Amino acid sequence: MALFSKWRPLARVLPTLLKANSCAGTIRGIGSTRGSRDDSDPPSFVGRDFITLRDFSSKEIRHLLWVAHDLKTRIKLQSERITPLAGKSAALIFQKRSTRTRTSSETGFSLLGGYPAFLGDNDIHLGVNESLHDTSKVLSSMVDMVLLRCDKHEEVEELAKHATVPVINGLSETFHPLQTLADILTIKEHFTELGSLDGLNVAWVGDGNNIIHSLLMGCLPLGINMRVATPKGYELFPNVAAYADMLASKHETQFLVTNDPREAVRGANVVVTDTWISMGQEEEKAARLKAFEGYQVTEKMCAEAASNWVFLHCLPRKPQEVDDQVFHSKRSLVFQEAENRKWTVMAVMLSLLSEYTPVTKQPSF
């Protein structure tokens, strides 16, 4: 059931999200590269891009999460050495600084046997002295995969359009799909008693940014109810909100949008927030701090949340976003969430480059 109410459109215009790619096996869009595959077949990701979770079915999202769970179990818990990416290389392009995305992708690719080449903003001519088109062609001839962490979403789309190797979105202004996979894996690990995540209530309290955009694309197809609270003027991108409403109707999940944080957290099993001031928004700091008054996550705010509620934050965290009492409490899963960035990006990289079949039992996501 869709509860798409109280949403106030913004003047922000979302770039076209879905573009056809002529490269074999890399066509983005709803239904992406699934083509005529039988739904009973195991999902195949080889050769595809990972730009947004819009491009993946609920079955495919569950499979990627299963691969992440499998890798974590085999490598971390059972101390197995698994190197299916031996002889493979990846270009990791970071236009924006990062702790979790860089460390997880660089060490994760290496742990699977591959060679990651980090390319910082001062190491590459991307979009400055060399076009995205030319860069994609050059990198495609030298590496097996490209991960791009950038500002504008059009940049990762343009790179993927011309590349002949899989491209991963390491973060853009519109989506951060790698973070969503880590969040869902963390939620499942905590609520182990649940047969599946269907019917779980997740509340977002904060900016209508790339993190919540991706959470909507990943959670609604899995039957997770989403309740989103943002200040006036900082709502979801209009096209993303409309697509999320469609997903809620399709998957019979609840999707509520409000400007009241307490309404969003009422009955929530999971409360999520993020930075109020993202990289590049430093000049807006004063206005944002004023607009987000009353949005700090506290025990008082969550008084009407479910008794078992837990807290997530993709980090780095500032005290105005969540107080110390919550952040350092047993309810906080933030460091487990951060670690799962590694296992989930490994799952994506491995799945795009090989037909990997997990050996552990599939959890019910």
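Trainee: Fine. What kind of model is it?

Mentor: This is a predicted model, where local features need pLDDT of at least 70 and side-chain atom pairs count only at pLDDT 80 or more, while totals for chains, interfaces and linings use all residues. Residues are numbered from 1 along each chain as its sequence is written, and side-chain values use heavy atoms, with hydrogens and water left out.

Trainee: How many helices and strands are in the protein?

Mentor: The protein has 11 helices and nine strands. Helices (H or I, at least four residues) and strands (E, at least two) are DSSP runs, numbered from the N terminus.

Trainee: And what share of the residues is buried?

Mentor: Of the 365 residues, 59% are buried. Buried means under 20% relative accessible area, exposed means over 50%, and partly exposed is in between, with a 1.4 Å probe and protein chains only.

Trainee: How much accessible surface does the protein have?

Mentor: About 14,800 Å², and carbon and sulfur atoms hold 50% of that. Accessible areas come from the Shrake-Rupley method with a 1.4 Å probe; for residues, only the protein chains shown count as cover.

Trainee: Now helices. At what angle do α2 and α11 pack?

Mentor: Helix α2 (residues 100-111) and helix α11 (residues 334-353) pack at about 50°, and their axes are 8 Å apart. Axes are lines fitted to C-alpha atoms, for helices over the stretch in contact, and angles run from 0 to 180 degrees between N-to-C directions. The two helices are therefore oblique to each other. Angles under 35 degrees count as roughly parallel, over 145 as roughly antiparallel, 65 to 115 as roughly perpendicular and the rest as oblique.

Trainee: Which residues make that contact?

Mentor: Among them are Arg100, Thr101 and Ser104 of α2, and Ala338, Arg341 and Lys342 of α11. By class, the contact of α2 with α11 has eight nonpolar, five polar and three charged residues. Ala, Val, Leu, Ile, Met, Phe, Trp, Tyr, Cys and Pro count as nonpolar, Asp, Glu, Lys and Arg as charged, and the others, Gly among them, as polar.

Trainee: How does α1 sit against α11?

Mentor: The axes of helix α1 (residues 58-77) and α11 come within 8 Å and cross at roughly 115°, so α1 and α11 are roughly perpendicular to each other. The contact includes Leu64, Val67 and Ala68 of α1, and Glu339, Asn340 and Trp343 of α11. Its residues divide into 10 nonpolar, three polar and three charged.

Trainee: And α6 with α7, what angle there?

Mentor: Roughly 20°, with the axes of α6 and helix α7 (residues 238-251) coming within 9 Å. That makes α6 roughly parallel to α7. His213, Leu216 and Met217 in α6 meet Val240, Tyr243, Ala244 and Leu247 in α7. The classes in this contact are six nonpolar, one polar and no charged residues.

Trainee: Changing topic: I clicked on Asn210. Buried or exposed?

Mentor: Asn210 counts as buried because its relative accessible area is 9%. Asn210 lies in helix α6 (residues 210-219). Beyond residues up to four places away in sequence, Asn210 touches several others, including Leu171 and His176.

Trainee: Where is Leu171?

Mentor: In strand β4 (residues 167-171). Leu171 is buried, at 8% relative accessible area. Phi of Leu171 is near 150°, a positive value in a residue other than glycine.

Trainee: Which bond is cis here?

Mentor: The bond joining Leu315 and Pro316 is a cis peptide bond, with omega about 0°. Pro316 is in the loop between β9 (310-313) and α10 (324-327). Leu315 also has a positive phi, near 70°, and is buried, with a relative accessible area of 13%.

Trainee: Last one: how accessible is Leu148?

Mentor: Leu148 has 0% relative accessibility, so Leu148 counts as buried. Leu148 lies in strand β3 (residues 145-149).

Notes:
Contact means heavy atoms within 4.5 Å.
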